[in-house]
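Here is a short note for a colleague opening this structure for the first time. Please keep the sequence and the 3D view side by side while reading.

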Amino acid sequence: MANSLQAVRGMNDLLPGETALWQSLEATLRTVLAGYGYQEIRLPLVEKTELFARSIGEVTDIVEKEMYTFADRNGDSLTLRPEGTAGCVRACIEHGLLHNQTQRLWYVGPMFRYEKPQKGRYRQFHQVGAEAYGMVGPDIDAELICLSARLWRQLGIRDVTLQINSLGSSAARAAYRERLVAYLTTRHAELDEDSRRRLHTNPLRVLDSKNPAMTAVIAEAPSLLDHLDPDSQDHFAGLRALLDAAGVAYTMNPRLVRGLDYYCKTVFEWVTDTLGAQGTICAGGRYDGLIAQLGGEAVPGVGFALGLERLAAMLAATGYPATEPPPHVYLILAGEVAQRMGLALAERLRDEVAGLRLRMNCGGGSFKAQFRRADSSGARFALVVGDDELAAKTVSIKPLRAAQTAQLTLPEDQAIAYLQAAMQDGQP
Ligand code: ATP
Ligand code: MG
């Protein structure tokens, strides 16, 4: 189609055939989050650019090259949020939610990053994030990990593994950074272009390189875990003990660094090898310095975000229930009078029969054509209202899925009772 309008590259429509899976996924997420006492927070999609530069870090991929930044009509620099933590912290500081209290919060919604679109990587994508504030020990880190593990169980996802690491305090990380730069300098000839650039801006990110050519260099790099400060060591040991006690399996990955600057101590990722290159479905960690850095009190924070597109892709592959249920009733309106009276009857049925999914024939059509539509709707019953029925104040009910079941003609009240009973019998 020439000149036809298309969506922006990397920004996807979710079509009616896909939304049932998303709704059911979101419902499970809400239930699990509620089970741990997390409350929803709803945040703007647009924030001042400065918020992300100051939180995520100036020399991260996100801030350097992935943000959708624009000047609004006032000339203020604004950015479509690339992630949710910064806005969540901003809102909590702004509304005084962190003063002398703890918070367990979650949010869901679209995030925007100018990345190279590919399977599992889009320019508009959706995250569910959970954040906890005011709790300094590893117990809350472990709780967040247990929460995510429960999610996978509830969703029937088995092919995921948990990787954990500790980034230590910022002082310990600075010391490690020097050792790492010294090591990487000795291997300079083997570094790819990205890593050479990062060597002096953000050398820890070299460890996060997805380039297979870098694997050997990264494998031989000094380990962050050998450079932890005592407090971070205790925290990490505490976390591991809690996960062991809760029966959550994990692997330690000393190369796990995450792409956002605000993390310290605990970081973790849930990874799968069923999605190809984009294998991380959930990632998070502790960010104790961030709130003070953004002008709030010195309150610790920890959280994770999971990518709904990647999760939905995994679920689609496992045959997760993903279809909209068909209507219970298709209402056939045969004749002009019936077409005028049909809407009132449909409304009455919806009032009286709890949970009823009723699809009313709209746009007329012969009795035969309407019956065909009733059949292909997958409805359990066709309800027929014609001139005869109207005159007698009756309704005809024809079960569509049971073989050999005759049509019944009942007074309206009895038809309602019949449908009410049918709704109780456990059939869809
Ligand atoms: P990656 O290493 O895959 O780029 P990231 O480290 O940038 O991920 P986070 O910012 O921590 O990811 O986001 C958390 C989760 O959000 C990721 O694990 C992933 O599931 C999802 N995610 C991140 N970026 C995208 C994207 N562009 N498209 C789809 N999902 C994404
Ligand atoms: Mg990324």
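1. Start with the contacts of E83. Leaving aside neighbours within four places in sequence, E83 is in contact with F52, I56, M111, R113, Q127, L260 and Y262. This is a predicted model, so read each contact as a property of the prediction. E83 sits in the loop between β4 (77–80) and α4 (85–94). Is E83 buried or exposed? E83 has 4% relative accessibility, and residues under 20% count as buried, so E83 is buried.

2. Compare that contact list with the record. The unreviewed UniProt entry gives "binding site" for E83, G84, T85, R113, Q127, E131, R258, Y262 and Y263. Such annotations may be inferred rather than shown by experiment.

3. Move on to T85. T85 lies in helix α4. T85 counts as buried because its relative accessibility is 7%. Which atom of T85 lies 3.3 Å from a polar atom of the E83 side chain? The backbone nitrogen of T85 does. Beyond its neighbours within four places in sequence, T85 is in contact with Y107, E131, Y133, Y262, Y287 and L290.

4. Look next at helix α1, residues 16–35. It has 20 residues and reaches 29 Å from first C-alpha to last, close to the expected 28 Å. Its buried residues are A20, L21, W22, L25, T28, L29, V32 and L33. What covers them? The cover includes β5 (103–112), β6 (124–133), α5 (138–155), β11 (301–307) and α11 (308–317). After α1 comes G37, with a positive phi near 75°.

5. Now the 8-stranded sheet. This open sheet has the order β1-β5-β6-β11-β10-β9-β7-β8, with mixed pairing. β1 (39–40) and β8 (251–252) stand at the edges with a single partner strand each, so one side of each has no neighbour in the sheet. Strands of a sheet pair through backbone hydrogen bonds, either parallel or antiparallel.

6. β5 and β6 run antiparallel and are joined by 10 bridges. F112 has Q124 of β6 as its bridge partner. β7 and β9 also run antiparallel, with 6 bridges. There, S166 stands opposite T266 in β9. How do β7 and β8 pair, parallel or antiparallel? They pair in the parallel sense, over 2 bridges.

7. Of its 6 residues, 5 are buried, so β7 is largely enclosed by the rest of the structure. Helix α5 lies across β7 (161–166), and also across β5, β6, β9, β10 (280–286) and β11. The helix runs at about 20° to β11.

8. The other sheet has 3 strands. It is open, in the order β2-β4-β3, with antiparallel pairing. β2 (46–48) and β3 (68–71) stand at the edges, each with a single partner strand, so one side of each is left without a neighbour in the sheet. Neighbouring strands here are turned by 35° against each other on average, direction ignored. β2 and β4 pair over 3 bridges. V46 stands opposite L80 in β4. Helix α2 (residues 49–56) packs on this sheet and touches β2, β3 and β4. The direction of α2 makes about 75° with that of β2.

9. Finally, inspect two backbone angles. Most residues other than glycine have a negative phi. N100 has a positive phi, near 55°. K265 has a positive phi too, near 50°. N100 counts as exposed because its relative accessibility is 72%. K265 is buried, with a relative accessible area of 9%.

Key
Residues are numbered from 1 along each chain as its sequence is written. Chains are lettered from A and ligands numbered from 1 in the order in which they are written. This is a predicted model: local features need pLDDT of at least 70, side-chain atom pairs count only at pLDDT 80 or more; totals for chains, interfaces and linings use all residues. Side-chain values use heavy atoms; hydrogens and water are left out. Helices (H or I, at least four residues) and strands (E, at least two) are DSSP runs, numbered from the N terminus. Buried means under 20% relative accessible area, exposed over 50%, partly exposed in between (1.4 Å probe, protein chains only). Contact means heavy atoms within 4.5 Å. A polar contact is a pair of N or O atoms within 3.5 Å; within protein, one must be able to donate a hydrogen and the other to accept it, and residues adjacent in sequence count only if both atoms are side-chain atoms. The expected span of a helix is 1.5 Å times one less than its number of residues. Two strands pair if DSSP finds at least two bridges between them. Axes are lines fitted to C-alpha atoms, for helices over the stretch in contact, and angles run from 0 to 180 degrees between N-to-C directions.
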